[in-house]
Amino acid sequence: GFGESGLVTEKDLTTVVRLMKQEREVAYAVVAQDSMQLPAPTTEAIEKYYQAHADLFRSVEQVRVDYLRLSAAELVKDYQPTEQELRKIYTEDSSKTGSATERRAAHILIPFTAGAAGDDAKKTLAKAEDVEKQARAGADFAKLARTYSADKDSVVKGGDLGEIRPGVLPKPLEDAIAGLKPGEISKPIRTEYGYHVVKLTALKQATQKTFEEMKLQLSKQARQRKAEERYYEASEKFRNLVYEQPDSLAPAADTLGLKVETTDWFDRNGGRGVAASPRVVEAAFSAEVLTQKRNSDAIEVSGDTLMAVHLAEHRPSTLKPLAEVRPQIERALRQEAAQNAARELGESLVKELSAGQSLEAVAKKRGLKYVAPRMIQRDQAQAFDRRVIEEAFRAPRPESGKSIFGGVDMGVQGYAIYAVSKVKEGDPGTADTATKERARTFLGARRGSDYFGNYRARLKQKADVKIYQEKL
């Protein structure tokens, strides 16, 4: 309620749009970090950095684990079903090894009038019987449908219902169609919608595929059944054995005829192969496996694969020797020193400029990259560096023809010195609708947020609450 209650007047909107459309003439120069000539870091500085940032130089904790994998696919890799087994499946699933009977039909719907009963229903039936009589006499069924049928979906297609799929049509209608021969016309069939006169337009009888045609599919089906059967039995043994023999995976491997394998090193973010599974990683770094050195519980990595892991080797996180990380520290110290030097030089140049020198002259004297003055708006990031634009529009307005100078830290790129020499106010009258709406939304959201912030601060002020800052 508070957040959406920010009121924006036309005067407010005009002010914001004028600021959004404001233009400033800005130039800037960059003191690049890589231009700084600095001495190499001292041994003392390197050792101090090493001690202060020890957490940066610790090796990542890693493990290698032995693992046992039970896969349904592996359990049947040598299994070949016999022809007897295949024929048994063929016989059992004969209803699934053929094509279904396909029927197409057209109908004419003679609808009931609202609340039809008694004589009204008889009138509807009489009309349907007349349509049936015309159809049987040889009249074009499609023309009759276009003339008499109330089914808007099929009437444009001459009453065609398309292929009849089970459960789509009312049951009396579906049953009647099932009893027709191709070209045969039904007697009127009553449903909740009225009376239907139906013509079967096409019939394709179901066909049964031969055993030889189905053999490959039957073999896959048999292997799938056997895999499920063996996996169900073996998975129970697998779970029990890795739990009851917690000191090694070998007993489970010997009993089930599996092979114990070992991963490469991996950390808590995972690794390659089986170590890419989050569940395996979680188990490998669990207290049960890592500290107690016991088998993990069975891990269900997929619907037909179980795994268990046991710790093979553990590399705890350790502080790397200084000699190993010395080049890394030197680079960090050089970058830090270059960044500080660029900032210090930039700040000193801002003071020089404020004393009366021009930015272009200072840039040329110091060999700095210089970007000549141009009029820009706040949203012209493609023309200037975004950080320079933001700082330039935060700067005060130049007065009496004197430029305003400032600086902005650009991280690894160095330090930018900017000059704002002119300000041109935006004209709200030239702003398009989208700009005005964006300004209205922005200002309304800011005010709504302020309203709520003030309300919450007042509640906090009035409430009897003690805050223990040292515990936050």
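This is a predicted model: local features need pLDDT of at least 70, side-chain atom pairs count only at pLDDT 80 or more; totals for chains, interfaces and linings use all residues.
**View 1. Strand 2 gives the largest pocket the largest share of its lining, 3 residues.** Strands here are DSSP runs of E with at least two residues, and helices are runs of H or I with at least four, numbered from the N terminus. Residues count from 1 along each chain as its sequence is written, and side-chain values use heavy atoms, without hydrogens or water.

**View 2. Look who sits closest to the centre of the largest pocket: R69, E74, L75, G257 and L258.** They belong to a lining of 13 residues, made up of 5 nonpolar, 2 polar and 6 charged ones.

**View 3. The largest nonpolar core has 23 residues.** Such a core is a set of buried Ala, Val, Leu, Ile, Met, Phe, Trp, Tyr and Cys residues joined through side-chain atoms within 4.5 Å, and buried means under 20% relative accessible area with a 1.4 Å probe, protein chains only. L68, L70, L218, F238 and V242 have the most contacts inside this core. Helix 9 (211–244) is among the elements that supply at least two residues each; its share, 10 residues, is the largest.

**View 4. Zoom in on L218, which touches L86, I89, Y90 and F211.** Touching means heavy atoms within 4.5 Å, and residues up to four places away in sequence are not counted.

Terms used:
Buried means under 20% relative accessible area, exposed over 50%, partly exposed in between (1.4 Å probe, protein chains only). On a 1 Å grid over the protein atoms alone, a cavity is a set of points where a 1.4 Å probe fits but cannot get out, and a pocket is an open set with protein on both sides within 12 Å along at least five of seven lines; lining residues have an atom within 4 Å of a point. Ala, Val, Leu, Ile, Met, Phe, Trp, Tyr, Cys and Pro count as nonpolar, Asp, Glu, Lys and Arg as charged, and the others, Gly among them, as polar.
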